[in-house]
Amino acid sequence: MGMRKKYSIEVDCANCANKMEEAAGRVKQVTAAEIDFLKLEMTIEFEDGADEKEVMEAVVKACKRVEEDCEVFLPWEEHEEHEHGGHEHHEHHHEHEHHHEHEHHHEHGECCCHEHHHDDDDDDEHDHCHEHHHDHDKCCHEHHHEHSECCHHDDDDDDDENMLPVIIRIALSAVITIVMLILEKTGVISVPESWAGINSASDIAVVAVFLVSYLIIGYDLLAKAVKNIARGQFLDEIFLMAVASVGAMALCEFTEGTAVMIFFRIGELFEDYAVGKSKKNIEALMDIRPDYANIEENGQLRRVAPDSVETGSIIVIQPGEKVPIDGIVVSGTSSLNTAALTGESLPVEVGENDEVLSGSVNMTGVLHLKTTTEFGESTISRILKLVRESGEKKTPTENFIKKFARFYTPIVCGLALALALLGPSVTLLFGLSGANAGEVWMDWIYRALTFLVVSCPCALVISIPLSFFAGIGCESRNGVLVKGSGYIDALSKTKTVVFDKTGTMTKGVFEVVGIHHCHIQEEKLLELAAYAESSSSHPIAKSLLKAYGKEIDRTLVESIEEIGGNGIVATIGQPGIARGVKVRVAVGNDRLMKKLGISFIPCHSTGTIVHVAIDGEYSGHILITDILRPTAKKAIRDLKLTGVEKTVMLTGDSEGVAKTVAKELMIDETHAGLLPADKVAKIEEILDKKQAPHDTIVFVGDGINDAPVLSRADVGIAMGGLGSDAAIEAADIVLMDDDPAKIALAIKIARKAMRIVYENIFGAIGIKVLCLLISALGILGTYAMWLAIFADTGVLVLAVLNSMRALSFRDRSSVKEG
């Protein structure tokens with residue numbers, strides 16, 4: 001795969017975005033092009049060795065040929081604009097042609113140097129939020145461009161201002177048309193039935209007023225249609241509306257011709273508003289990006305860009321502020337609102353030595369944190385990256401709609417032409433109507449025009465991706481991050497859920513509860529086991545170190561050999577004894593003892609058994625138990641209620657421990673004693689046994705050794721709070737609060753989103769097909785055009801409103817604990 005880059009775009013029509021995507025994909029040295037209309041982002045994959053600037057200039061030209069008014073914002077153009085714009089002003093405005101005006105605020109620290117940061121993603125993606133921090137090594141004056149919440153308010157005002165001229169034109173045209181219609185119906189004026197029937201000054205005046213009303217609302221659409229045709233771009237919604245309305249005006253159906261334009265404009269306006277509103281709702285749910293971090297210097301707090309804070313720095317979070325970077329509390333106590341991360345509204349109490357995740361909001365006391373990551377690797381950055389990437393790959397449903405729209409419109413245009421030409425010819429040839437030839441031709445042309453109005457595919461093109469987008473937003477609000485709309489589709493078809501045990505269904509918090517069959521002092525056995533495991537990050541190792549409770553002198557540990565899935569063998573200089581005395585300590589499970597040929601005593605207690613052998617002689621074993629997650633039972637019961645047919649647990653733990661946990665949780669099937677490779681093989685086996693190809697197998701895990709299994713399952717779900725980076729990267733869905741009960745909730749939200757998608761598909765197509773038949777058969781006569789307007793604008797409005805339902809979800813079937 002070649003280089004992939006993202007670019008912000010501006011385009012006001014979903015169907016146009018699809019055509020731009022196709023045009024961009026045909027450019028030389030572009031291997032793939034994806035446009036997310038709802039996020040206004042274009043993703044381009046280049047061939048190896050391609051010149052990005054050269055290729056993107058060709059992409060922009062290709063997009064402009066398709067949609068003249070579109071914009072593709074290239075990062076180097078913005079850099080040039082900043083460079084030429086100068087930095088002497090403390091406040092400047094950067095305005096794109098798409099009318100979003102962003103106010104850039106500059107904050108200056110105490111130093112006199114000028115540091116100008118540029119906050120881009122690792123892959124130089126252009127973030128559409130337009131928060132810029134530019135790096136210039138030669139300058140030292142700190143210069144931050146930040147977007148506060150007032151920016152969103154400004155955007156709302158700009159959107160309203162942009163809509164106002166169109167609303168005025170719609171209102172003016174509608175008032176004129178309605179007044180003329182009332183005058184016609186009351187007999188005050190008469191409207192000519194044909195252009196040949198215009199015989200008087202009053203007829204000319206009436207037609208002129210109708211034409212003025214028509215041009216007020218449609219002059220720019222007509223001009224755009226002519227430009228598109230001149231460029232060879234036709235058979236789109238602009239072409240359809242232009243032909244239908246001009247045709248109606250040519251037939252002296254002035255009211256209908258103007259109404260087509262008015263309602264098409266209303267549909268466009270509603271589409272822009274609904275999409276914008278949905279985007280803002282979802283952005284509000286994920287508005288957790290911190291603007292700054294507080295560094296304390298000489299007793300004063302100084303605000304700096306989060307990406308300039310190094311790991312291990314001390315930052316201060318005051319009440320009401322967002323936590324910018326993951327860290328450990330070094331002083332202070334407070335309550336944190338973690339709703340943006342986990343979906344949970346209850347505050348979390350934190351104090352000294354507690355871990356705090358970025359994106360949380362400090363509610364009460366002042367906290368001093370020692371940062372544990374860089375900003376780019378913190379929880380908040382990972383979340384934002386996942387959310388940005390969530391729309392990169394389209395679902396089969398979205399691809400179907402895109403292809404459907406591509407072929408549907410030309411087919412409908414062909415059918416409309418056939419109606420206009422063949423309909424009257426056959427009618428006159430076989431004498432099927434008593435009307436004269438002129439009336440027959442006008443009747444069939446009118447049917448063809450209504451046919452064109454009905455056919456506009458906008459309702460499908462915009463409502464389907466909007467449904468997925470809203471579904472992902474609803475999942476995010478509930479603490480479930482979905483990396484793409486395809487996983488919404490797959491999750492809705494879940495039949496089997498496979499769980500890892502440790503850290504997933506259990507807390508992964510182990511405690512030493514006993515030392516059995518010990519041939520030496522118990523304290524000595526625990527000490528040697530702790531020294532052997534001192535370099536391991538495994539939860540078992542942590543529990544041994546915690547139980548030992550003393551400082552580890554790492555100079556005594558001379559060599560460590562880790563045997564995957566078995567344990568550790570280490571050479572240790574015995575603490576408290578002359579340094580020349582060394583022992584070889586083996587610490588691990590039954591398999592390790594068998595591998596080393598050491599006879600051991602099995603343990604009949606339930607828990608994890610850690611055998612210890614010293615210099616090849618068995619010395620006893622340590623019993624460690626894990627704690628079930630409080631919502632583990634609820635998770636399994638809720639899954640059963642959602643219709644999941646089977647639950648499975650895979651673990652590297654012993655058979656006895658696995659069966660005990662599985663029985664308590666009522667898991668259907670369990671497989672114990674598995675190495676990481678064994679888990680992959682078991683998932684392969686489960687996948688091979690799927691009853692239907694579209695059935696989804698979900699795997700839920702948390703550790704680095706779960707990454708291969710997460711990648712292999714149809715849908716991989718990782719624990720995001722405590723899970724390893726490798727697991728989160730490999731997973732398709734991330735649970736931000738490590739709550740397995742959220743899996744059932746995620747499935748329900750996905751099913752609701754997919755139900756809405758299918759309602760829109762079948763509803764829109766069904767209504768359109770019915771209206772097309774009515775139009776073709778001429779059942780409603782001169783009222784058919786009004787039905788066509790409903791089939792276009794009305795169906796669009798209904799479909800978009802229905803899509804927005806996916807933003808909310810009320811769970812009525814969940815099992816209540818307690």
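Visitor: Take Val309. Is Val309 buried or exposed?
Guide: This is a predicted model, so each answer is a computed value. Burial is read from relative accessible area, and under 20% counts as buried. Val309 has 6%, so it is buried. Its place is the loop between β8 (300-304) and β9 (314-317).

Visitor: How far apart are Val309 and Thr371, in sequence and in space?
Guide: In sequence, 62 residues separate Val309 and Thr371. In space their C-alpha atoms are 8.4 Å apart.

Visitor: Next, backbone angles. What should I expect of phi?
Guide: Most residues other than glycine have a negative phi. Cys252 is not a glycine, yet its phi is positive, about 65 degrees. Cys252 sits in the loop between α6 (237-250) and α7. Its relative accessibility is 8%, so Cys252 counts as buried.

Visitor: What is the phi of His517, and where is His517 found?
Guide: His517 has a positive phi of about 50 degrees and is not a glycine. It is found in the loop between β18 (511-516) and α15 (522-532). At 42% relative accessibility, His517 is partly exposed.

Visitor: Which residue with a positive phi follows α12?
Guide: Gly479 follows α12, and its phi is near 80 degrees.

Visitor: Stay with α12. How many of its residues are buried?
Guide: Of the 20 residues of α12, 18 are buried, so the rest of the structure largely encloses this helix. Helix α12 covers residues 458-477, and at 1.5 Å a residue it should span 28 Å. The C-alpha atoms at its ends are 28 Å apart, which agrees.

Visitor: Now aromatic rings. How is a pair described?
Guide: A pair of aromatic rings is described by the distance of the centres and the angle of the planes. Searching the whole structure gives five aromatic pairs. One of them joins Phe263 and Trp786. Their ring centres are 6.5 Å apart and their planes are at 85 degrees, an edge-to-face pair.

Visitor: Which parts does the pair of Phe263 and Trp786 tie together?
Guide: Phe263 lies in helix α7 and Trp786 in helix α24, so the pair ties together parts 523 residues apart in sequence. Phe263 is partly exposed at 31% relative accessibility. Trp786 is also partly exposed, at 35%.

Visitor: Which residues make up the nonpolar surface patch?
Guide: Phe263 and Trp786 both belong to it, with Ile266, Val769, Leu773, Leu777, Ile779, Leu780 and Tyr783. The patch has an area of about 860 Å². At least two of its residues come from each of α7 (254-285) and α23 (742-777). The largest share, three residues, is from α23.

Visitor: Where does Tyr783 lie?
Guide: Tyr783 lies in the loop between α23 and α24 (784-804). With a relative accessible area of 58%, Tyr783 is exposed.

Visitor: Which residues form an aromatic cluster?
Guide: Trp195, Phe210 and Phe254 form one cluster.

Visitor: Which rings have the charged end of an arginine over them?
Guide: Tyr292 is one: the charged end of Arg303 sits over its ring, 3.9 Å from the centre. Trp444 is another, with the charged end of Arg447 4.0 Å from the ring centre.

Visitor: Last topic, salt bridges. What is the general idea?
Guide: Side chains of opposite charge can pair when their charged atoms come close. This structure holds 26 salt bridges. One joins Glu68 to Lys227, with the closest N and O atoms 3.7 Å apart. Glu68 is in the loop between α2 (52-66) and β4 (71-73), while Lys227 is in helix α5 (residues 201-230), so the pair ties together parts 159 residues apart in sequence. Glu68 is partly exposed at 38%, and Lys227 is partly exposed at 44%.

Visitor: Which residues form salt bridges with Glu685?
Guide: Lys682 meets Glu685 at 3.4 Å, N to O. Lys689 also bridges to Glu685, at 3.3 Å between the closest N and O atoms. Glu685 and Lys682 are three residues apart in helix α20 (residues 676-688), about one helical turn. Lys682 is buried at 15% relative accessibility, Glu685 is partly exposed at 33%, and Lys689 is exposed at 60%.

Visitor: Which residues are linked in a network of salt bridges?
Guide: Glu67, Asp69 and Lys224 are linked in this way.

Terms used
Residues are numbered from 1 along each chain as its sequence is written. This is a predicted model: local features need pLDDT of at least 70, side-chain atom pairs count only at pLDDT 80 or more; totals for chains, interfaces and linings use all residues. Side-chain values use heavy atoms; hydrogens and water are left out. Patches are made of residues with over 30% relative accessible area and no salt bridge: like charges are joined within 9 Å, nonpolar side chains (Val, Leu, Ile, Met, Phe, Trp, Tyr) within 5 Å. Accessible areas come from the Shrake-Rupley method with a 1.4 Å probe; for residues, only the protein chains shown count as cover. A salt bridge is a side-chain nitrogen of Lys or Arg within 4 Å of a carboxyl oxygen of Asp or Glu. Helices (H or I, at least four residues) and strands (E, at least two) are DSSP runs, numbered from the N terminus. Buried means under 20% relative accessible area, exposed over 50%, partly exposed in between (1.4 Å probe, protein chains only). Rings of Phe, Tyr and Trp (its six-membered ring) pair if their centres lie within 6.5 Å; planes under 30 degrees apart count as stacked, over 60 as edge-to-face and the rest as tilted. A charge sits over a ring if NZ of Lys or CZ of Arg is within 6 Å of the ring centre and within 35 degrees of the ring normal. The expected span of a helix is 1.5 Å times one less than its number of residues.
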